[in-house]
Amino acid sequence: MSNEIVYQRRGLDRYLVLLVLLLSAFGLLMVYSVSQPLTEQPLLYFKKQAMHLMLGMALMLLLSGADLRRLDNSKVIGAIMAVVFVLLILTFIPPFAAPAKGAHRWINLPVHLQPSELAKATMILFFAHYLAAQGEGIRRFWRGVVPLVGIAMPFIGLIAIEPDLGAAAVIAALMILMLFIGGAQWRVIGLGFVGGALFIASQIVMAPWRVKRLLGFLDPSRDPLGVNWQTWQAQIAIGRGGLTGVGIGNGWQKFYFVPEMHTDFILANLGEEMGLLGLLLAFLLFFFLIWRSIRLCLRATDLFVRLCGLGAALLIGMQVLINAAVVMSLLPNKGLSLPFFSYGGSNTLLNFALIGVILAAARQAPVDATSKPKVLHLLQRRELPAESEEGITC
């Protein structure tokens with residue numbers, strides 16, 4: 001009898017799909033609410049976001065049926081990375097560049113595209129491929145960790161100078177977390193956090209407006225009509241909502257008090273109109289989404305597939321945590337969309353694509369995986385033997 005692992009083609013995980021549908025409906029309701037101040041076209045954001053959601057669901061279903069193992073190829077990953085890198089460069093080159101508010105984050109092709117969102121998904125594929133290929137070798141600093149960081153940094157750097165420090169920081173954090181999952185040594189993880197903190201600090205120091213934003217975060221009473229206006233108004237919205245909210249459509253802060261409320265700060269509208277209970281419901285749905293995603297991906301036996309799914313779940317989770325922390329003034333103000341809630345095509349498609357990857361990973365688990373959800377060996381920390389350990393320093 002063959003000892004090969006037998007795979008079965010399962011249907012979609014109905015619990016995960018249900019959670020995505022609930023969050024999408026919840027988010028679309030909020031987009032409908034914040035569209036009201038647009039007196040000329042009050043349903044503009046709602047209609048566009050509904051189209052984004054339909055396209056996203058189609059993309060999710062398409063990717064859910066893919067065999068992720070076919071992507072575990074150096075040439076395929078390299079080609080995808082090359083295309084995304086060129087797209088990132090095009091954000092600075094007319095006539096492709098579509099600058100807005102001093103930032104070069106979008107390009108005009110047949111569609112209006114934000115390459116940094118593609119870069120997030122591409123980095124997940126690259127990290128998963130590299131870590132799966134390295135195996136135990138990722139515990140070597142110079143031959144395992146340094147090449148991965150060296151390849152990722154040009155992408156992170158290009159995104160940072162757009163400028164989009166939020167997206168760059170998310171990719172850097174994702175890299176550190178996937179190094180941890182992949183088996184890198186503790187000292188490397190610590191060095192990664194220190195390096196990431198120094199990178200963010202350097203970006204803040206080089207941009208006076210970021211310094212003002214940081215000072216405003218440290219002193220909330222500083223410049224309430226300027227740098228702190230958005231966060232002040234968001235807190236007013238959440239505070240006004242109380243326990244149960246003022247009712248769907250009855251919020252006042254969306255009437256031009258909170259800038260970008262339909263995108264990065266849509267959570268403030270949720271807090272005002274549905275109160276603390278609405279916020280808790282949204283966070284509970286996100287918690288079960290991430291928990292279910294990680295549980296499903298840990299069942300996969302193929303290391304590349306497992307890492308792809310875990311990377312996708314981590315990326316969604318990080319976006320939720322950072323967005324919520326910013327809206328609630330727990331982090332300095334930095335634009336980052338709330339998955340399945342914030343208006344926007346690129347980010348909406350990205351998040352549905354990530355769910356599609358998670359569903360594909362779940363469908364490719366071996367037939368006996370349903371009774372073995374724990375794959376804890378992926379998270380075991382092991383140090384190199386003293387006689388073969390390669391130090392971090394030269």
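Predicted model: local features only at pLDDT ≥ 70, side-chain atom pairs only at ≥ 80, totals over all residues.

Student: How do you know that the span of helix α7 is close to the expected one?

Tutor: Helices are DSSP runs of H or I with at least four residues, strands are runs of E with at least two, and both are numbered from the N terminus. Helix α7 covers residues 186–205, which is 20 residues. The expected span is 1.5 Å times one less than the number of residues.

Student: Why are the buried residues of α7 said to line one face of the helix?

Tutor: Buried means under 20% relative accessible area, exposed means over 50%, and partly exposed lies in between (1.4 Å probe, protein chains only). In α7 the buried residues are Val188, Ile189, Phe199, Gln203 and Ile204. Seen down the axis of α7, they fall within an arc of 150 degrees, so they line one face; the arc is that of the directions from the helix axis to the C-beta atoms. Leu198 and Val205, on the other side of α7, are exposed.

Student: What covers the buried residues of α7?

Tutor: The cover includes α5 (141–160), α6 (165–182) and α8 (208–218).

Student: Why is Gln203 called buried, and which residues does Gln203 contact?

Tutor: Contact means heavy atoms within 4.5 Å. Leaving aside neighbours within four places in sequence, Gln203 is in contact with Ala160, Leu165 and Arg210. Ala160 is 43 residues from Gln203 in sequence, yet their C-alpha atoms are 7.9 Å apart.

Student: What makes a set of grid points a pocket, and which elements line the second largest pocket?

Tutor: On a 1 Å grid over the protein atoms alone, a pocket is an open set of points with protein on both sides within 12 Å along at least five of seven lines, and lining residues have an atom within 4 Å of a point. The second largest pocket has 25 lining residues, of which Leu165, Gly166, Ala169, Ile200 and Leu331 lie nearest its centre. The elements giving two or more residues to this lining are α6, α7, α8 and α11 (303–327). The largest share, seven residues, comes from α6.

Student: Why is the pair Phe288 and Trp291 called edge-to-face?

Tutor: Rings of Phe, Tyr and Trp (its six-membered ring) pair if their centres lie within 6.5 Å; planes under 30 degrees apart are stacked, over 60 edge-to-face, and the rest tilted. By this rule there are 13 aromatic pairs. The rings of Phe288 and Trp291 have centres 6.5 Å apart and planes at 85 degrees, so the pair is edge-to-face. The two residues are three apart in helix α10 (residues 266–297), and are therefore separated by about one helical turn. Phe288, at 36% relative accessibility, is partly exposed, and so is Trp291, at 43%.

Student: Why does Asn323 count as buried, and what does Asn323 touch?

Tutor: Asn323 has 2% relative accessibility and therefore counts as buried. This residue of α11 is in contact with Asp264, Leu267, Leu336, Ser337 and Leu338, neighbours within four places in sequence being left aside.

Student: What sets the phi angles of Ser329 and Phe340 apart for comment?

Tutor: Phi is near 60 degrees for Ser329 and near 70 degrees for Phe340, in each case a positive value in a residue other than glycine. Ser329 is in the loop between α11 and α12 (345–363), and Phe340 is found in that loop too. At 22% relative accessibility Ser329 is partly exposed, whereas Phe340, at 3%, is buried.

Student: Where are cis peptide bonds found, and what is omega there?

Tutor: One joins Pro94 and Pro95, with omega about 0 degrees. Another joins Glu162 and Pro163, where omega is also about 0 degrees; Pro163 lies in the loop between α5 and α6.

Key. Residues numbered from 1 in each chain as written. Heavy atoms only, no water. 1 Å grid on protein atoms, 1.4 Å probe; cavity = no way out; pocket = protein on both sides within 12 Å on 5 of 7 lines; lining within 4 Å.
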